[in-house]
Amino acid sequence: WTSMEWNTTTCRALLEEHYPWFLPQWDEYDLYIQRADVCRYFVLYHYGGVYADYDIRPLRNILPIITQAQVENKQVMLLEKDSEIVGSRVGGICIGMMASVARSEFWESVFRMLQYRRWRGDYHFSNHLPGIFGGGPQGGISGYWGKLPHF
């Protein structure tokens, strides 16, 4: 395993070098969490691998699950918050821990959804929800779960 740490500076450098078309949207985000959420999507798209927040601790070994996903030719692994891997009192998609192959079409769909939500302007309707709906799970993943390809 190779461990990489990301912050707004290193993520912006990744976007500048490889995804400059997304920089105007990145610059429009009002909240740090919006950039942090979007950063993890681009990192997984670009490099593939496993993403985990510092405050996420798997309840059991994830290697057998990743191995099974590879056997089944799955491109992306998203966990539900109430799963047996990541425990939580709140349901939904856990973007604090994800796994993906590099260049998955799933993330391309997520990027299109983020741009669509930006174009519609529908993540600026309250003081605390832009982080969730702007770049977070509701804006990028579960908000349009039925419209995204499932891998």
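**Overview. The whole protein chain.** Of the 151 residues of the protein chain, 42% count as buried, where buried means under 20% relative accessible area, exposed means over 50%, and partly exposed lies in between (1.4 Å probe, protein chains only). This is a predicted model, in which local features need pLDDT of at least 70 and side-chain atom pairs count only at pLDDT 80 or more, while totals for chains, interfaces and linings use all residues. Residues are numbered from 1 along each chain as its sequence is written, and side-chain values use heavy atoms, with hydrogens and water left out. The protein chain has 7 helices and 3 strands; helices (H or I, at least four residues) and strands (E, at least two) are DSSP runs, numbered from the N terminus. Their order along the sequence is α-α-α-β-α-β-β-α-α-α. The protein chain exposes about 8700 Å², and 51% of that area is supplied by carbon and sulfur atoms; accessible areas come from the Shrake-Rupley method with a 1.4 Å probe, and for residues only the protein chains shown count as cover. Contact means heavy atoms within 4.5 Å. Among contacts in the protein chain between residues at least 6 apart in sequence, 67% join residues at least 24 apart.

**View 1. Helix α1 against helix α3.** Helix α1 (residues 8–18) packs with helix α3 (residues 32–47) at an angle of about 55°, and their axes are 10 Å apart. That makes α1 oblique to α3. Angles under 35 degrees count as roughly parallel, over 145 as roughly antiparallel, 65 to 115 as roughly perpendicular, and the rest as oblique. The axes are lines fitted to C-alpha atoms, for helices over the stretch in contact, and angles run from 0 to 180 degrees between N-to-C directions. The crossing of α1 and α3 is left-handed, a term used if the near helix is turned anticlockwise from the far one by less than a right angle (right-handed if clockwise). On the α1 side, the contact is made by Thr8, Cys11, Leu14, Leu15 and His18. On the α3 side, Tyr32, Cys39, Phe42, Val43, His46 and Tyr47 take part. The residues of this contact divide into 8 nonpolar, 3 polar and no charged. Here Ala, Val, Leu, Ile, Met, Phe, Trp, Tyr, Cys and Pro count as nonpolar, Asp, Glu, Lys and Arg as charged, and the others, Gly among them, as polar.

**View 2. Valine 43 and its surroundings.** Valine 43 is found in helix α3. Valine 43 is buried, with a relative accessible area of 10%. Leaving aside neighbours within four places in sequence, valine 43 is in contact with Trp6, Leu14 and Gly48. Methionine 4 is 39 residues from valine 43 in sequence, and the two are 9.9 Å apart in space, C-alpha to C-alpha.

**View 3. Isoleucine 62 in a loop.** Isoleucine 62 sits in the loop between β1 (49–52) and α4. With a relative accessible area of 12%, isoleucine 62 is buried. Isoleucine 62 and valine 50 are 12 residues apart in sequence, and 9.8 Å separates them in space, C-alpha to C-alpha.

View 4. Glutamine 70 lies in helix α4 (residues 63–71) and is exposed, with a relative accessible area of 57%. Valine 101 is 31 residues from glutamine 70 in sequence and 9.2 Å from it in space, C-alpha to C-alpha. Asparagine 73 belongs to the loop between α4 and β2 (76–80). At 65% relative accessibility, asparagine 73 also counts as exposed. The phi of asparagine 73 is near 60°, a positive value in a residue other than glycine.

**View 5. Arginine 103 in a loop.** Arginine 103 is found in the loop between β3 (93–100) and α5 (105–120). Although arginine 103 is not a glycine, its phi is positive, at about 65°. Arginine 103 counts as partly exposed, at 43% relative accessibility.
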